[in-house]
Amino acid sequence: MKSLGTVSRRAGALVLSVSLAALAAACGSTGSGSGSSSSTSSSSSNSITVAVAYPAPPKALLAQFTKETGIKVTWVNIGWDDLQTKIAAAASANTYFADAADVDWSKVGEYQRTGWFYPLNKYFDVASLKSDMPQLQTFISNNDLMGMPFDSSFLVTTVNTKDFAKAGITTMPTTLAGFTAALKKVGTANGMASPLDIHFATAEGLSTCWYQMTAAFGGQVLTAQDAPAFTSPSSPGYQAMAWMVNAYKSGLVPKANINESDYQGFTTEMARNRVAAEMCDYSGSVASIYNVPSTSSVVNDTEYIPTPGATGLGGNVANPDGIGIPKTAKNVAGAVKFIKWFTNTENQATWAGLQGSNNVVSTFPLPARLSSFNLMIKAGNIAQASQLANILNAHAKAPFPNGAPPWYVQFSAAVQTNIHEAAAGQETIQQAVSAIASQVNQLKSSG
Amino acid sequence: MLPYLLLSPLIVFIGALSFVPTADTTVEAFFRVMPLDPPNRFIGLGNFRALFADPAITTSWVNTAAYVVIGVTASVVLGTAIAVALKQRFRLRGVVLALVILPWALPAVVEAVIWSWIYNPTFGVMNSALHSVHLIGGYHVWLGLSRWLTILLIEIVQVWQITPLSALIILAALQSIPTDLYEAARVDGAGPIQAFRRISLPLIRPALAVCAVEALVLSLNIFDQVYILNGIAPLGSSVMLQTYVTTFENLNFGGGYALSLLVTLATAVLSMGMLALLYRRTEAA
């Protein structure tokens, strides 16, 4: 019994010490996490983690960056929505998760307000970049550059010219009324019940599509003071919402779109010729999706057209992706070098296919720099490169005059849910508009 | 002393990963925690008052109640029916048993994606099957247009996932009932339905209680299926989805803490209530 008691005590002491060690480890890890916000450890000085909702550049090119700078890159491709949650959770908990991370245009105001990302002004010459990067302004809030655009995605209208020609339409309409009438003819001529794709699920795509349609009607949804600019029935925002909801209710848009939140689902519809037009398509889809023979039955049949508007050609909304440096980054200097490399003129053109398909970044839409476009136009290997460069330079505008407000996420949630409910017949356009305006006013008043 | 020492790693583990976050959440629920409006400050019941005044939250509670009622009822009834069927001896019983378990083994996200294809209005098998037997005239949009239909269809996905476990628990309880009880009942002239009502049902009551509580907890906390099949649309929103929206979409961490605390309390109270109502210690021998 005595020896058993000794064993028990020893076992107990061992278990207790393991438990305490585990507790200490747990506390220790929390502590180091908290304390890692600005330190640059020696182990991390030659490596960085990049977390974006994007596939990695080719390994050979990343290896070349490592050779040039001595910085090893760990690329983490996370789904967009998951990444936003991760950024918010990591920033709130003050823990490290990446040295460079996705800065979506819609998060710029939020990150500036919360201080979750470093302003990049001291690392980049904002004034000189503006002429080469038309969408740079989208990433500036209160004069702080919160992220560097690394592509120049913007929303465009894409049509299947073959389907339109079958309906006798060879000159594309320049007004939305004309475009609506043309779509009805296209549907009849091609046996398509619903020839137009527009997002209607409660997802970010529905919000951005409303901004795009508002631009098509010649306006923006918020004023320069971030007040609602869509409450009057004659305002572009109101008219855009009414046009969208009417397009859904009249059957111009597939009924299934009320729950289709996946962008790939829309492009598949177009690529398989189940629809003949996309109103809020991403620039780059023709080259990267519709003209890919293995997955598309409309190769060489689709093209971007100038956006039809209320009385003439309408505008396009910029929808670029950016990259920035979280406040909890361990290797800020390395992240800056990487961002400069990732967004330079030659590499931007390379990601878009300048050096052939082996060096492209999969799903990369278009370069952020006009100088990269010029390289591509000169090479002549990107579909409608000059047309897109023209839209980008002259027509693609930031969705909001003052950048995305800090409360953009709540605003977008209100936009999505109310337009979705209006399309589903659960509320009227007026009710949807009032609900969104009420949310904006409440958000503004609460700071 | 030794048992407590041996249990201490588990206590430390559960304490660090469960009790500490719960305590932290409880405290933070009384603070305004908004990264867009620092610093954090004590606001008493402010978060709770805001939650009760928010119509989206109220809707999500009502929706969640519907998820719970459908989930508990359907999974217990179906689980019992499957267990009774599987208690019989028939060829390929083992294969059927393995197939029945399969939905339980799949992650909820995977199941929701599978069912999103089934419900797809353009090329989903549901439209195709119903149309082929002339039950519907044309293809329908199943989700997102009608509140109660959306809730029913989403909960079907969860019932599909949780019923197998209920069936297994009830099957185990059924198999533990001595056969001489049924033989005695048969001698006394009882038919199969009477035997089930008078013998099986009372004796499997504890198993039914466990299954009901399991279904209650899972349907009260339904998230994956709602998010994948219905997004953040208020129409079929659950209270867990609203917790996510409040915390990570609206960046109102204090509100999120308060709502998750309410969900925890609701889960604990309802689970204990259901156990007290249904659970009876039984002894067949």
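Predicted model: local features only at pLDDT ≥ 70, side-chain atom pairs only at ≥ 80, totals over all residues.

1. The pairing of S8(A) with S9(A), residues 277–282, is parallel and runs over 2 bridges. Within this part of chain A, the residue that A:Asp197 stands opposite in S9(A) is A:Glu278.

2. These two strands belong to an open sheet of 4 strands in chain A, whose order is S8-S9-S7-S10 and whose pairing is mixed. At its edges lie strand S8 (196–197) and strand S10 (302–305) of chain A, each of which pairs on one side only.

3. Another open sheet of chain A is built from 5 strands, ordered S2-S1-S3-S12-S6, and here too the pairing is mixed. Its edge strands are S2 (72–77) and S6 (148–149) of chain A, and each of them pairs on one side only. Inside that order, strand S1 (residues 47–52) and strand S3 (residues 100–104) of chain A pair in the parallel sense, over 2 bridges, and A:Val50 has A:Ala100 in S3(A) as its bridge partner.

4. For chain A as a whole, the secondary structure amounts to 17 helices and 13 strands. Of the 447 residues in chain A, 51% are buried. Among contacts in chain A with a separation of 6 or more, 75% are accounted for by residues 24 or more positions apart.

5. Turning to helix packing in chain A, helix H9 (residues 236–249) and helix H16 (residues 408–423) pack at an angle of about 45 degrees, and their axes are 9 Å apart. H9(A) and H16(A) are therefore oblique to each other, and H9(A) passes H16(A) in a right-handed crossing. From H9(A), the residues A:Met241, A:Met244, A:Val245 and A:Tyr248 meet A:Ile419, A:Ala422 and A:Ala423 of H16(A). By class, the residues of this contact comprise 7 nonpolar, no polar and no charged.

6. In chain B, the axes of H12(B) and helix H13 (residues 253–278) come within 7 Å and cross at roughly 160 degrees. Because of that angle, H12(B) is roughly antiparallel to H13(B), and the crossing in which H12(B) passes H13(B) is left-handed. H12(B) contributes B:Val239, B:Met240, B:Gln242, B:Thr243, B:Thr246 and B:Thr247 to this contact, while H13(B) contributes B:Phe253, B:Gly255, B:Gly256, B:Leu259, B:Ser260 and B:Val263. The residues of the contact of H12(B) with H13(B) divide into 5 nonpolar, 7 polar and no charged.

7. How many residues does each chain bring to the contact between chain A and chain B? Chain A brings 34 residues and chain B brings 28 residues. On the side of chain B that touches chain A, helix H1 (2–28) and helix H12 (239–249) of chain B each supply at least two residues, and H1(B) gives the most, with 7 residues. That side of chain B has 20 nonpolar, 6 polar and 2 charged residues.

8. One element links the last two points: H12(B) crosses H13(B) at roughly 160 degrees, and H12(B) also supplies at least two residues of the side of chain B that touches chain A.

Methods: Residues numbered from 1 in each chain as written. Chains lettered and ligands numbered in written order. Contact = placed C-beta atoms within 7 Å. Nonpolar A, V, L, I, M, F, W, Y, C, P; charged D, E, K, R; others polar. Pairing = 2+ DSSP bridges. Axes fitted to C-alpha atoms, helices over the stretch in contact; angles between N-to-C directions. Parallel < 35°, antiparallel > 145°, perpendicular 65-115°, else oblique. Left-handed = near helix turned anticlockwise from the far one by under 90°. Buried ≥ 20, exposed ≤ 12 C-beta atoms within 10 Å, placed from the backbone.
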